Amino acid sequence: MKKHLFLGIMGAAVFFNSCSSNDENEPTEKKILLSKVTTTYSDPIVSFLNGTLTLEYNSKGQLIKMQSKEGTSIFEYKNGKPIKSNDYNSQQQLESYSEFNYSGDQLVSNKIIYTNSENNRTHQYAYNAVGQLSSYTSCRSVNCSDPTKETYIYNGDNVSLHTLNFNETDLKTEYSYDNKFNPYTNTDKYLKISWGRNDILSKNNCIISKSDSQYSGKDITTYNLEYNSAGFPTRTIGKSMNGEPFVQYDYEYITL
């Protein structure tokens, strides 16, 4: 499970997968950090995904806390790298903790220990020749006999093709992007890898996603974005193939 508290905004994992294009800009000298994401679905059937995610940082700009209605994650750092996160449920009871393991400057695995040991799992990461995450494998057994695997192909700094393999079934999604800053531009790179979400891994913002699955068939989603003066999105509206809006994301930021 990739951070239970992301459930509110991870309708993105079902409906909102991200995309690719080169950005002409460079981040400003002051660090702009995402502080809040509010998700609103228009369909009452999926209204349980509605909610707000808040993000808090220390004076170094390191993410130290994320909180939503599902729970809270607290992050610990050593030598500038995240080494542990403690994940609490909505009653503030410890549900799991994660240990980050590195080889040099690369995050190679993340071991997640649950209060219910049957849920324990290990996430393993592999990279392409330029250091971008190329695969994300989640194992629930020591021999990883039934893994969930995600692979990423890039166009420049953006994920152009994302494949999710689960129970021998592939869900493939292609993406196109704008040339503006992603809301998570200044979030710790190792945390972004551990979350494994293509919209967070990419430099820019998805404007079109095209998915194909043997179960759900083909689907095309378009995203209309509004930006602030610094070039970061303040609102994203996702529309289905019939042109009807189905989800809205509102973003807020702080500057350090």
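The model is predicted, so local features are given where pLDDT is at least 70 and side-chain atom pairs count only at pLDDT 80 or more, while totals for chains, interfaces and linings use all residues. Residues are numbered from 1 along each chain as its sequence is written, and side-chain values use heavy atoms, with hydrogens and water left out.

## The second largest pocket

Rolling a probe the size of a water molecule over the atoms shows where empty space is left. On a 1 Å grid over the protein atoms alone, a pocket is an open set of points where a 1.4 Å probe fits, with protein on both sides within 12 Å along at least five of seven lines, and its lining residues have an atom within 4 Å of a point. Grid points are joined across faces, edges and corners, and a volume is the space filled by probe spheres set on the points.

The second largest pocket has a volume of about 530 Å³. It is lined by 23 residues, of which Gly131, Gln132, Lys189, Lys192 and Leu201 are the closest to its centre. Strand S7 (106–114), helix H2 (189–195) and helix H3 (198–201) are the elements that give two or more residues to this lining; here helices (H or I, at least four residues) and strands (E, at least two) are DSSP runs, numbered from the N terminus. Helix H2 gives the most, with four residues. By class, the lining of this pocket holds eleven nonpolar, six polar and six charged residues, where Ala, Val, Leu, Ile, Met, Phe, Trp, Tyr, Cys and Pro count as nonpolar, Asp, Glu, Lys and Arg as charged, and the others, Gly among them, as polar.

## Aromatic rings and charges over them

A pair of aromatic rings is described by the distance of the centres and the angle of the planes. Rings of Phe, Tyr and Trp (its six-membered ring) pair if their centres lie within 6.5 Å, and planes under 30 degrees apart count as stacked, over 60 as edge-to-face and the rest as tilted. By this rule there are five aromatic pairs.

Buried means under 20% relative accessible area, exposed over 50%, and partly exposed in between (1.4 Å probe, protein chains only). Tyrosine 125 is buried at 8%, and tyrosine 136 is likewise buried, at 1%. Elsewhere, Phe181, Phe232 and Tyr253 form one aromatic cluster.

A charge sits over a ring if NZ of Lys or CZ of Arg is within 6 Å of the ring centre and within 35 degrees of the ring normal. Lysine 84 lies over the face of tyrosine 97, at 4.9 Å from the ring centre, and the charged end of lysine 180 sits over the ring of tyrosine 227, 5.7 Å from its centre.

## Salt bridges

A salt bridge is a side-chain nitrogen of Lys or Arg within 4 Å of a carboxyl oxygen of Asp or Glu. The count by this rule is four salt bridges, among them those in the table.

| Salt bridge | N to O distance |
|---|---|
| lysine 81 and aspartate 105 | 3.4 Å |
| aspartate 199 and arginine 197 | 2.5 Å |
| aspartate 250 and arginine 235 | 2.5 Å |

Aspartate 250 lies in strand S16 (residues 245–255) and arginine 235 in strand S15 (residues 233–239), so their pair ties together parts that are 15 residues apart in sequence. Aspartate 250 is buried, at 18% relative accessible area, whereas arginine 235 is partly exposed, at 30%. Both aspartate 199 and arginine 197 are buried. Lysine 81 is buried at 17% relative accessibility, while aspartate 105 is exposed at 58%.

## Single residues

Asparagine 79, a residue other than glycine, has a positive phi near 55°; it lies in the loop between strand S4 (71–78) and S5 and is exposed, with a relative accessible area of 74%. Glutamine 92 also has a positive phi, near 60°, and is found in the loop between S5 and S6, where it is partly exposed at 44%.
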